[in-house]
Amino acid sequence: MVINDVINHTPENLSITEKTAKIDATGMYYKDLNSLLRSLDANGIENIEIHNVYGQRYIGTDLDNHINIDIYGTPGNDLGSFMKGTNITVHGNAQDGCGNTMDHGKIVVHGRAGDLVGHSMRGGKIFIRDDAGYRVGIHMKEYLGKRPSIVIGGTAQDFLGEYMAGGVLVVLGLNMKEKVHNARFVGTGMHGGTMYIRGDVRHLGEEVAVAELNDDDYNILGSLVDEFCSYYGLDAEKILQSKFNKIFPVSSRPYGNLYAY
Amino acid sequence: MKSYVQPEYLIERDNDRCIRCKVCVNQCSYETHYYDEEDDVLCSRNENCVNCQRCATFCPTQAIAIRKNPNTYRPNANWTQEVLTGIKKQAETGGVVLTGMGCDKPNLTYWDRLLINASQVTNPSIDPLREPMELRTYIGSKPDSLKLTTSKTGDITLETKLAPQLRLETPIMFSAMSYGSVSLNVHKSLARAASEYGTYYNTGEGGLEKSLYKYGKNVIVQVASGRFGVHPDYLDAGAAVEIKIGQGAKPGIGGHLPGEKVSAEISKTRMIPMGTDALSPAPQHDIYSIEDLRQLIYALKEATDYTKPVFVKIAAVHNAAAIASGIVRAGADAVVLDGVRGGTGAAPRITRDNVGIPIEMALAAVDQRLRDEGIRNKASVIAAGGIKSSADVLKAIALGADACYIATAALVSLGCTVCQKCYTGKCPWGIATTDLWLTKRINPDIGVKRLVGLLRGWSLEIMEMMGGMGINAIESVRGNRLVLRGVGLTDKELEVLGVRMVGE
Amino acid sequence: MKNLAKTNNPYSDEKVFDACSIFGMMNLKGERFSAKDPIRAMANMHDRGNGLGGGFAAYGIYPEYKDDYVFQIMFLDKEAKKKTARLISECFNIVNEEEMPTQEANVTDPPLMWRFFVQPKESKMENQSPDDFVMEKVTRINTETGKAFVFSSGKNMGVFKGVGFPEDVAEYFCLEEYEGYLWTGHGRFPTNTQGWWGGAHPFSMLDWTVVHNGEISSYGINKRYLEMFGYNCTMQTDTEVMAYAFDLLMRRQNLPIEIVSKILAPPLWSEIKTMTPENELALRALRQTYGSLLMNGPFTIIVAHESEMIGLTDRIKLRPLTAATKDDMLFLSSEEAAIRLVSPMLDKVWSPRGGEPVIGRLETPVAEATA
């Protein structure tokens, strides 16, 4: 078995103590790295540290148990895609497609992220300490008990929450020089879910409206901001004192009158 | 003389369904239906029926069906019913066979042999409903380059002065139909729809009725050979001026609005006495050559102080490319090409169906010729004549048009059923008529909604197709013939169209 | 005779599709560094290419010949070389010529390659600028002989490209032995066929080079527009069209990159509406005049010439680009990891907005656009 091979013949770049494994990913091809992760996961390892990560893709994909992975470096595209419950912490920046179509689990990035954070995610949580790129939360959706959430500490670029169909998207704007998020087409095509944005937004999509937060909103927002702050050592109370805008879809069927029959 | 021409249509009436409400009698302006009081039954004069479907549409119990007369002559691929009927009519009258609307033969359409591309994998399609999709188009002469200065703060200042431009929110405008050939209510509907949607309506050659001057920002005023209603206020009223040289339905011939149609209102707008025939000469009698055209273009520019683009409209004829080149060099800001399938209020059928060339070929040849000569930027190209769907519009733009004119489609949206009898002036739908009893049938409040609905529907469809191609601004389709492929065309046809074969 | 320009595209597709990795690295002080880092960075993005094309452009690599045009030329056979050399010596004084230094590497069918250091003959130039003269002759060599292709023709710079992964192409050309102050690199993923050496990126004309990721959906009209200005688009790639657009706008019409980026990736009408009246007028005129040069569809490009390196993405950012700075170094890359690999501790790293250029100019600090 491949699994036993890995455990029996520990490669030079792998060290294991009890339930914790340490990997030096220097020069490692992503397929080898991910196959090693799957072997470790199948053999009851609970914590994995991966060092010297430079662009290896799909880290966290297809792991069966709810293990913790700490990534040091810059993980590649599609970090945690289709993920089913792993906890990933990135000590560095994430690239494009972080949390792509993720089902369950958590990604905490101590840095920034590229485009398409949480594309089509259906469950789990993503926390980005700094800025994120284009199309954050595009088409994230909720179903039965699954309700995904994304918290961006900085600001995000255009098409934030595009097509959003469910879940919660929070943008805190903590590092902004101005009070206005520069993103354009925020919530375009949004037909479900909620965005909470600290500060104003430069340009909203046609399908959304802005409202004040009610108590329920503050409960949801509060617990996400608390969790966010717990990772980055920030003061949640102070952040929550600022004005937030709630952005919500005007209709769950924005295109009902579009067609001729 | 006994006419040998049999009725074209037969009216079948279901007497069980008929409630004797006489709507059909009132609706038919050709007096096809009448009520027989004695027998309490409605009857028909089949020979009057033009199959406009007005009665059938308004019959509250769907009791009326109009059928093509099954009595046809012996089938013959050459000596068709239409040919034989035409000859008999001519024998009986010694006249020219008149018709209305555009060519009804199937053999002159290329749009349906062109197919549009879409993105798969190598570049993404764009979702037009949620991401920006820009149809805005500017009509007018563009320079080859610009002079600009940038400041330290990043501000950009334009040093070049641009020629006047028309801004269209969708690349579709309403083509010329004169007041007189269609009713004032039709003009009102067109003007208001153009204004509401951010496009333009063309007056045609019959002048602009006073009450419509307020829509001037969205009006193109036409100057044709008859110069009806052309005066300084009229030229000032519009956003652009169009010189009409020719029309696709009847290249090389003029027009004739019969005196009966020159009512008090028409007389006022056309600025001719009531009841006189309004004759549009075949040529513009101040243009017998290309340098004369330049003279008229600049006369109009002078008259409008160089604030408005001047269009020149020609029928698409064999050497359209060379003519268009001359028009651009003569100083026109836009060239309008009207193809052989273009509509008309009245034209000899023989001309309509046999003179001119299809718009697709003319457009392709003109766009390429202007590019070969390096003058394509100097003028916009507008395609007209036989545009019947949003796909046709998009295909025209891909072949090289900046925008399209539609007229038949606009009238159809108002109710027209293309019965081709516009020239009778008795349009039961209240469109091609000046009869006040009939023109009431177009309510401008409803008309504007129907026209805007059409513009919106087509615009959305264009966006869908553009999004499918991964293109989000119409200028990236314009002249982009690689987004088209031809099917069922010869090598030569493909070559003229500048389009590859499907599968290539 | 075999048409070299068409070898790229034996099926005569309307154009060749490409997807890619791109990378750029510039020392803003003009200090030279070896190819080692750009090669490592490109190798790190190996999976974005498919081994059918890789290449690099390097500036400042021939200081001893800094005033001479360098023609780096591929030949399909010796006869083509002889003919081309004759053509060159007719029009140019040849300062030096040599076979390109190469070594064994995992590349496919390398052609014969020579470089010529030349000066235009005054007597042959007819009221032309030296650049126009060189451009004309390069076009002539590329079209006339059919078996020779000039893939680099600027001063004190060179393009090195071929069929293989970028790291293998670099090895083949012994790139680690060169030092330049500006490097760009490209790993290619063509979707059609076995690439040919000339079809790899960077594309160049004079000292302008372009590496490109993406596909231009507006290619058909971009090409037809450029043809009106005398450009002959023979390579059937949108990258060639991009290179000519830069030549027309920046070299011939002398527009700065700040304006050129607004032509290739213009702001939306909805945004133009919100600008100051003066800017609105200028931006509207740009779209009205240069609409046919809007590069529609996904792209990221890195354009370089003697003193500038420019990164630009399409206006709705359909292809990735990360920018970063460290001391005097500016980095542009498809992926951040590639930058981190060669410079782990960056001063700044950001994702440029769609349509907003990142500009590296010698002796000029880089302005970071805000998110």
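This is a predicted model: local features need pLDDT of at least 70, side-chain atom pairs count only at pLDDT 80 or more; totals for chains, interfaces and linings use all residues.

Trainee: How many bridges link strand E15 and strand E16 of chain C?

Mentor: Strand E15 (residues 322-326) and strand E16 (residues 329-333) of chain C are joined by 5 bridges, in the antiparallel sense. To see it at residue level, find Ala324(C), which stands opposite Phe331(C) in E16(C).

Trainee: What kind of pairing does the open sheet of 12 strands in chain A have?

Mentor: That one is mixed. Read the order across the sheet as E1-E2-E3-E4-E5-E6-E7-E8-E9-E11-E14-E13 in chain A. Strand E1 (14-17) and strand E13 (208-211) of chain A each have a single partner strand, so one side of each is left without a neighbour in the sheet. The twist there averages 15° from one strand to the next.

Trainee: Are strand E3 and strand E4 of chain A parallel or antiparallel?

Mentor: They're parallel: strand E3 (residues 47-54) and strand E4 (residues 68-74) of chain A share 6 bridges. For an example, pick Ile50(A), whose bridge partner in E4(A) is Ile71(A).

Trainee: Which strands does helix H3 of chain A lie across?

Mentor: Helix H3 (residues 215-232) of chain A lies across strand E6 (104-109), strand E7 (125-128), strand E8 (149-152), strand E9 (165-171), strand E11 (192-198) and strand E14 (244-249) of chain A. It runs at about 55° to E9(A).

Trainee: Now for whole chains. Why is chain C called as compact as a globular protein of its length?

Mentor: Start with the contents: chain C has 10 helices and 18 strands. Its radius of gyration is 20 Å, close to the 21 Å that the globule rule gives for 371 residues, so chain C is as compact as a globular protein of that length. Of those 371 residues, 60% count as buried. The C-alpha atoms of chain C fill a box of roughly 60 × 45 × 40 Å along the principal axes.

Trainee: How many residues of chain C are in contact with chain B?

Mentor: For an interface, ask who touches whom, then which elements take part. Here 38 residues of chain C are in contact with 39 residues of chain B. Helices H5 (219-228), H7 (257-264), H8 (269-272) and H9 (277-290) of chain C each supply at least two residues of that side, and H9(C) gives the most, with 9 residues. By class, the side of chain C that touches chain B has 18 nonpolar, 14 polar and 6 charged residues.

Trainee: Which domains does the assignment give for chain B?

Mentor: It gives domain 1 (9-72) and domain 2 (164-480) of chain B. Their centres are 36 Å apart, taken over C-alpha atoms. The contact takes 9 residues from domain 1 of chain B and 7 residues from domain 2 of chain B.

Conventions:
Residues are numbered from 1 along each chain as its sequence is written. Chains are lettered from A and ligands numbered from 1 in the order in which they are written. Domain bounds come from an automatic or database domain assignment. Two residues are in contact if their C-beta atoms, placed from the backbone, lie within 7 Å. Two strands pair if DSSP finds at least two bridges between them. Helices (H or I, at least four residues) and strands (E, at least two) are DSSP runs, numbered from the N terminus. Axes are lines fitted to C-alpha atoms, for helices over the stretch in contact, and angles run from 0 to 180 degrees between N-to-C directions. Ala, Val, Leu, Ile, Met, Phe, Trp, Tyr, Cys and Pro count as nonpolar, Asp, Glu, Lys and Arg as charged, and the others, Gly among them, as polar. The radius of gyration is taken over C-alpha atoms; the globule rule is 2.2 Å times the number of residues to the power 0.38. A residue is buried if 20 or more other C-beta atoms lie within 10 Å of its own, exposed if 12 or fewer, and partly exposed in between; C-beta atoms are placed from the backbone.
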